[in-house]
Amino acid sequence: MSIIYDSTNRLFILENERIEYAFFIDGQNYLRHLYFGKKISPFSFSTSIDLGWDWSKTYLTPKDEEKVYADSYSSSTSMMEAPSNGRFDHRGSLISIKEEDGSYLTDFIYKSHRIYDGLPKLEKLPFATLNNGKASSVELILEDVLSHAELALTFSIIDGYDVIIRTSRIINNTKKDISIKRMYSLALDLPSSEYDLIHFPGDWSLERNVSRNRLTQERVVIESEYGTSSHMENPFNVLIEHQGNEDYGEAFGFNFLWSGNFRFEVNVDKLHSTRALLGINDSNFDYLLKEGEEVELPQGIIAYSNEGLNGLSNVLGDFIRDHIIRFSKAKEYRPLIFNSWEGCYFDFTTESILEYMNKAKEIGSELFVLDDGWFGERNQDDRGLGDWFVNLSKIDLKKAIDHCHSLGMKFGLWFEPEMVNPLSKFYKENPHCSIGHTEINRELSRHQLFLDLTNPDVVDNVAFQVNAILDEYEIDYVKWDHNRHIADNFSYYLSKENQGQVNYQMLIGFYSLCKKIIDTHPNIFFEGCASGGGRFDLGVAYFFPQIWCSDETDPVQRLYIQYGTSMGYPLSMIGSHVSKNQITSYKTKSDIAFFGTYGYEFNPTKLNEEEKKELLENLELYHSLHKDVILNGDLYRIYSPFDSNYFSQIAVSKDKREAAFIFANLRKENNSYRFVKLKGLDAKKRYVNSLDNKVYYGDYYMNVGLNLTGWINEFTSVMVVLKEEQEQMKGKEK
Ligand code: DGJ
């Protein structure tokens with residue numbers, strides 16, 4: 001049983017084979033957190049921490065009677081599932097509601113609960129879907145003591161996945177309107193501050209650097225106010241025990257299914273306890289919830305591993321692949337992509353594209369993507385967005401697609417559906433189609449504005465245009481781009497009372513647009529993109545199994561970006577291409593891109609024979625390993641480029657019969673010993689490696705290591721494939 005309710009202690013235990021999450025309803029009817037971590041059998045109930053802070057242990061009733069809180073409750077120290085706002089708990093609140101009388105005091109207490117099999121579904125927002133195994137959920141109805149608004153808070157657990165899912169709705173059945181000032185999705189209290197925070201700051205073409213800092217008594221805020229999850233931070237954040245590393249220690253990974261403004265707060269108080277909170281950023285946020293209405297909050301997840309960061313990544317990788325990404329064919333072999341962008345940008349003709357296709361085919365491409373520039377008057381980036389009709393004077397799209405298919409390649413097309421250029425027919429015909437206040441200067445970014453997706457007519461119009469192209473032409477893949485942040489948060493569509501929810505409604509509009517386009521084309525593979533990796537999150541992953549990870553395609557920069565991204569997201573999501581960049585050989589470029597979804601992006605007519613040969617070397621490996629090892633396997637990071645001269649990882653198939661290992665270096669190193677200890681193999685299996693073609697036990701590779709002793713020039717890489725001995729023999733017999 002995965003949710004146990006002990007009615008004597010009003011204790012809830014969510015457990016699977018490896019983890020346990022426990023909370024109880026105390027004498028005040030508060031939801032008090034007890035434990036999240038490794039499974040304990042049996043779990044012993046105790047009323048949490050009693051630090052004896054008497055001055056926060058009594059209260060005055062409305063009748064002026066002083067009473068003592070039950071169950072050792074202490075408002076300043078107890079661990080809470082739904083921490084109050086504006087009261088004695090100063091560690092950060094979950095929800096803040098402004099009352100009719102102006103009060104912000106918000107405090108939720110238990111009313112009822114129900115336990116059921118399965119996972120909750122959301123109507124407007126992305127949510128985890130049970131695609132295999134068994135899940136259990138407990139929905140608790142809590143009531144705010146002053147406003148009487150309700151919070152329906154559901155905790156869910158899936159057998160085999162070390163993740164707790166929190167789903168919330170605020171329901172206004174108070175017979176008056178309420179104003180929600182904050183509605184966070186996650187809260188976790190930990191009775192220790194011995195943690196390091198890992199977050200992923202960055203910029204355009206410099207996404208997801210790994211930043212690790214020890215917590216002290218402080219409040220740390222990691223956030224985005226860019227309207228999207230952004231290049232600058234990511235909603236995925238980690239708390240790891242201070243001594244922990246890639247392979248050792250307790251680690252908690254926080255994320256949520258949301259692609260807009262977010263805030264992750266970590267607060268270590270004077271008593272050295274840690275509170276982590278994650279939710280929609282409440283800056284400029286004010287959600288007017290009318291009488292009788294309810295609002296969905298983004299679904300939050302907390303993953304747990306006691307096997308360090310590699311353990312955490314694999315917990316998350318399994319969960320995301322199996323229960324977040326919905327595309328039914330996401331686990332199948334993905335055709336090798338050739339993308340036109342970095343080869344020719346906007347500068348192409350039908351003939352040049354046909355020639356690109358011929359050459360792309362020669363290096364093994366299986367899907368040709370025509371990127372930006374095929375529609376409207378789009379020959380440069382200041383025009384065309386919004387006009388989703390083919391520019392027939394520039395490209396004969398039907399001819400190009402037919403040619404592509406005749407070569408045996410699939411065909412993909414680029415769109416940027418959420419945007420509009422002022423220099424477009426669409427904008428001229430619909431001047432209020434974008435957000436922003438027309439009485440002040442509106443921020444242009446890449447010469448474009450953000451469509452007002454709070455307006456369902458705008459959403460319908462764009463969906464209609466994009467669907468018309470997808471229905472008319474034989475398109476197998478779409479790259480869905482998004483090249484500016486949301487700014488100038490003002491909508492002429494929303495009423496003045498609702499301007500505080502522009503960002504929320506923009507995201508609802510985005511998800512609705514996705515449903516209208518993606519759900520009506522279930523066989524098309526959609527890849528997400530946002531000026532590279534500016535919207536790399538679980539809200540996007542729900543619709544897009546693969547996301548372009550960065551516009552930086554120089555492999556030496558890429559290895560940092562891919563390393564950081566892999567901490568919270570599976571390799572199957574990380575869009576990575578071999579580009580024309582000059583710094584390294586095609587071999588190194590290809591090896592690094594291999595540890596992602598892989599593809600090509602350069603002018604294929606300019607490749608020399610040597611470069612082609614280098615690419616073809618990895619082509620065979622792509623065919624044989626990509627699906628089971630990279631897309632669906634486990635990943636173990638070995639050396640981090642952030643604190644060593646190397647980038648090294650190994651991806652291992654789930655059955656542990658095959659693995660791909662990469663070792664790339666930054667600076668040159670003279671002759672030196674270099675034994676790299678592999679990870680994740682089966683100690684008892686015998687593997688042949690492609691480096692010296694010898695056979696060793698997994699135990700040997702993991703303890704003695706792979707011998708990479710010698711001289712290495714700067715920016716080189718070694719990719720080694722390991723196959724279980726029998727597998728290798730089978731291959732030879734074929
Ligand atoms: C930004 C993307 O990240 C690029 O890959 C490319 O598609 C351009 N946009 C096209 O405008």
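Select Arg 18 first: with a relative accessible area of 45%, Arg 18 is partly exposed. Buried here means under 20% relative accessible area, exposed over 50%, and partly exposed in between (1.4 Å probe, protein chains only). The model is predicted: local features need pLDDT of at least 70, side-chain atom pairs count only at pLDDT 80 or more, and totals for chains, interfaces and linings use all residues. Residues are numbered from 1 along each chain as its sequence is written, and side-chain values use heavy atoms, with hydrogens and water left out.

Helices (H or I, at least four residues) and strands (E, at least two) are DSSP runs, numbered from the N terminus. Asp 162 counts as buried, at 6% relative accessibility. A salt bridge is a side-chain nitrogen of Lys or Arg within 4 Å of a carboxyl oxygen of Asp or Glu; the structure holds 48 of them.

Next, select Arg 182, Arg 219, Glu 223, Arg 263, Glu 265 and Asp 282, which a network of salt bridges links. Within this group, the closest N and O atoms of Arg 263 and Glu 265 are 4.0 Å apart. Arg 263 counts as buried at 14% relative accessibility, and Glu 265 does so at 2%.

Move to helix 10 (residues 586-594), where Lys 587 and Asp 591 are 4 residues apart and therefore separated by about one helical turn. They form a salt bridge, with 2.6 Å between the closest N and O atoms. Asp 591 is buried, at 0% relative accessibility.

Strand 36 (residues 658-665) is the next stop: 8 of its 8 residues are buried. In a regular strand the side chains alternate between the two faces of the sheet. On one side of strand 36 are Glu 658, Ala 660, Ile 662 and Ala 664, on the other Ala 659, Phe 661, Phe 663 and Asn 665, and all of these are buried.

Then show the partners of strand 36. Two strands pair if DSSP finds at least two bridges between them. Strand 35 (residues 646-652) runs antiparallel to strand 36 and is joined to it by 7 bridges, with Val 652 opposite Ala 659. These two strands form a hairpin with 5 residues between them, and Lys 656 in the turn has a positive phi of about 60 degrees. Strand 43 (residues 717-724) is also antiparallel to strand 36, again with 7 bridges; there, Met 719 is the bridge partner of Ile 662.

Finish with some backbone details. Arg 10, in the loop between strand 1 (3-6) and strand 2, has a positive phi of about 50 degrees although it is not a glycine. Arg 10 is partly exposed, with a relative accessible area of 25%. Arg 208 also has a positive phi of about 50 degrees and is not a glycine. Arg 208 lies in the loop between strand 13 (195-199) and strand 14 (211-214) and is buried, with a relative accessible area of 2%. Last, select Ser 41 and Pro 42: the peptide bond from Ser 41 to Pro 42 is cis, with omega near -15 degrees. Pro 42 is in the loop between strand 4 (31-38) and strand 5 (58-60).
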